[in-house]
Amino acid sequence: MNTYDVIIIGGGAAGCAAARRLIDDGRLSVVIIEEGRRDTNPFIHIPATFFKVLASRDAKIVKTDAEQQLGDRQYAIPQGRVLGGGSSVNAMNYIRGQPEDYDSWVADGADGWGYDDVLPIFKRQENNQRLAHSPFHGNAGPLTVSDPEKPHVLHEAFIDSAVEGGLPRNTDFNGASQLGVGFYQTTTRANRRASAAQAFVRPVLNNRNLAVITGHKVVRIICQNGVATGVLVQAPSGEKISISARHEVLVAAGALASPQILQTSGIGPRLVLEKAGVECLVESNGVGNNFQDHIAALYTVLIKEPLSLFNQDRGFSAVRNGINYLLFKQGVLASTVIESGGFLDTTHSGKRPDIQLNGQAIVAGPPGHPPIPDHGFGVGIQLNRPKSRGFIHIRTPDLSDPPIFFSKLLTDMADVEVIKRGLNIARDIFAEAPLRQLTKSVFYPPSGDMSAKSLETYIRTHGRTVYHPCGTCRMGQDDAAVVDPTLAVRGVRRLRVIDASVMPRITSGNTNAPSMMIGERGAEYSLQSL
C-alpha cells in the first residue's frame, strides 16, 4: 500500500507521539517511515545499557566540520537511528523546561505556545507514578514517568553535598520551581525504558490505520504546484519508492535531519540549494539556521573506594548484575546512570537557573572516547540557554553525504562565562563533607586547575554535547521563520515540521519531553485542518 492519509517522516519521540494522537482520533490512515530498524535491541530496554546502544547500529554520529572555537575539533552529536529515536537511546530523564521557555516562544512570534498552552499536553501524555495528583502532572497518559527505585550511594552523596552547600532539595523539577537538586524522574516503567515507541506506538501497532515502515530512508518530499503530495524513499535494496499522502506530510526526523530533508526537497536558502545542485522550489532562508544544543563540561573526581559503576559490566559482576535484572528487574542495570542532578542560577541573583547539573557515577573519557578505567564521580555542567547559533546545510542532494555543519557553540563568550561559573560552583559542592570524604583527586578539569584561562581552554576542548539539537526549522511569523505557529511550512501546503527543530529557543533542560509534546501538537494542528 503506497497511499496513506498522513505520512510521518521519522519514528522518533515526536513522530511516535504524533502517530498515537492521529490513531486515537481514528479518522486517518497513518504511516511512520523510519530509517532505522525496530527497537528489538535488548539493550534499548534495560536502563543502564543505553551507552551500549549508542555504540550500536541503532545510533549514528553526526559531526560538524572542524570548529576553531572548539579546539579545531569536530563536535559530534549521537542520534537515535531506531524506532523511538532519541527516546530509545537517551538517559531517560523527564524534564520539560521552565515556563519562561515557552512564554519566550510566544514573544518570538509563536502564538499559542505559551506555558499555559503546552502544560495540558504534557499532563495528557503523562502517567506519573508519584506525582499523579499534582496540578503539574497527569496520571492517565501512555507515558510512564517514575522515580529511581534504589538510588546509587554516590548520587546520594552528591545531593547531600549540594544541600550542605546551600542549594535546596527539589522533588519535582517539572513543578512549581526548577531550582535545586534531587533525583530525576525518568521515562521508565517497572525499571524498563518507556521510550516513545513503547509508550505511544506499541499499544496501537495492530491498529488497521497504522503502518510502520522501518529500514527505509526518505530521499525527498514530493511537491507539486506548492503542495506536498508524498515522499520518495529508498528501500534497503536501493530501490526508490514513491509513497503518497492524501492529507499531509509531517516531518519529524529531528533537528539535524529535518532541515536537510526540506533542503533536498527544494525548500531552503536559495544559494545553499543551488550550490548543492538542488532546484529551489521555495526560498526559505531559515531552513538549517538557528542551530542550538546544550553543551556541557565535566567536574569529575576519582574516589577512594570502589563505589562507582566501573567494572560493573565485566566478569563476575556483569553476570551477577545480569541475573539480578533478568530475575527481579533490580540492581545496577535498573539504574539510568544519570540519576541525580539539579538546576541553579550561577549569578546568585534570584534569576532563572542557567545551568543544569547531571551526576554520573563514572569517569567519562574525553569527548568521543570511552570511559576512564577508574572509580569516580562526575557532574556535567550543562549550559541551559546558549546564546550561540549555528547552521546545518546539505552539501549535495544525497542525504548520505555529510552536511556542511557548524554548531558555532561557544562563539558567544557569555556562554563560556556561564559554564565557568558553574564549574566553580561544582568545585564548591565537591568540597562539602559527603563528597570530600570520598574524593581522592580531581580528574576534570585537568589537574584541578581552576584559573580563568585554563577553564576556558578546558571548556572549549572538552565541552561535549548533551544530545539536544534543536531550532533548525524555527517557528514564528517573521520572514526567517520556517514554519508558522501551526507548524505548517511557509510556502508549501499540506506540509508540517513537528519536532525539536521548530523551537525558536532551546528549552532549559532535556529535550525529549518537549519533543513529544511538539509531536502531539503537530498532529492536533493536522487534524484541525481536516
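## Residue I425 and helix 11

Leaving aside residues up to four places away in sequence, I425 touches L344, T346 and H348. This is a predicted model, and I425 lies in helix 11, which spans residues 413-430. The relative accessible area of I425 is 14%; the cut-off for a buried residue is under 20%, so I425 counts as buried.

I381 is 44 residues away from I425 along the chain, yet their C-alpha atoms are separated by 9.5 Å.

## Confidence

The chain has a mean pLDDT of 97, and 100% of its residues reach 70 or more. Confidence is lowest in helix 10 (residues 315-328), where the mean is 91. Strand 25 (residues 495-497) has the highest value, 99.

Strand 17 covers residues 295-303, and nine of its nine residues are buried. Both faces are covered.

Strand 17 pairs with strand 20 (residues 376-383) in the antiparallel sense, over seven bridges. Within that pairing, V301 has F377 of strand 20 as its bridge partner. Strand 23 (residues 439-444) is also antiparallel to strand 17 and is joined to it by four bridges, with T300 opposite Y444 of strand 23. A further antiparallel pairing, of two bridges, links strand 17 to strand 24 (residues 464-465); here I295 is partnered by T465.

Helix 13 runs over residues 452-462, and its buried residues are L455, Y458, I459, R460 and H462. These buried residues pack against strand 17, helix 11, strand 23 and strand 24.

The loop between strand 23 and helix 13 contains P445. The peptide bond joining Y444 and P445 is cis, with omega at about -5°. Y444 is also the residue of strand 23 that stands opposite T300.

Strand 2 (residues 30-34) is largely enclosed by the rest of the structure, because five of its five residues are buried. V30, I32 and E34 are buried on one side, and V31 and I33 on the other. The charged residue E34 is therefore among the buried residues of strand 2.

Strand 2 pairs with strand 1 (residues 3-9) in the parallel sense, over four bridges. In this pairing I8 stands opposite I32.

## Helix 5 between two neighbours

Helix 4 (residues 99-107) and helix 5 (residues 115-125) pack with their axes 8 Å apart and at an angle of about 125°. The two helices are therefore oblique to each other. P99, Y102 and D103 of helix 4 make the contact with Y115, V118 and F122 of helix 5. By class, that contact has five nonpolar residues, one charged residue and no polar residues.

Helix 5 also meets helix 14 (residues 512-528); their axes come within 10 Å and cross at roughly 105°. Helix 5 is therefore roughly perpendicular to helix 14. From helix 5, the contact uses D117, V118, I121, F122, R124 and Q125; from helix 14, it uses A513, P514, M516, M517, E520, R521 and E524. The contact residues divide into seven nonpolar, one polar and five charged. V118 and F122 of helix 5 take part in the contact with helix 4 and in the contact with helix 14.

## Backbone exceptions

Most residues other than glycine have a negative phi, and most peptide bonds are trans. N191 is not a glycine but has a positive phi of about 65°. The loop between strand 8 (188-189) and strand 9 (192-193) holds N191, which counts as buried at 12% relative accessibility.

N290 likewise has a positive phi, of about 70°, without being a glycine. N290 lies in strand 16 (residues 289-291), and its relative accessibility of 16% makes it buried. The cis bond between Y444 and P445 is a further exception.

Definitions and conventions: Residues are numbered from 1 along each chain as its sequence is written. This is a predicted model: local features need pLDDT of at least 70, side-chain atom pairs count only at pLDDT 80 or more; totals for chains, interfaces and linings use all residues. Side-chain values use heavy atoms; hydrogens and water are left out. Axes are lines fitted to C-alpha atoms, for helices over the stretch in contact, and angles run from 0 to 180 degrees between N-to-C directions. Angles under 35 degrees count as roughly parallel, over 145 as roughly antiparallel, 65 to 115 as roughly perpendicular and the rest as oblique. Contact means heavy atoms within 4.5 Å. Buried means under 20% relative accessible area, exposed over 50%, partly exposed in between (1.4 Å probe, protein chains only). Two strands pair if DSSP finds at least two bridges between them. pLDDT is the predictor's confidence in each residue, from 0 to 100.
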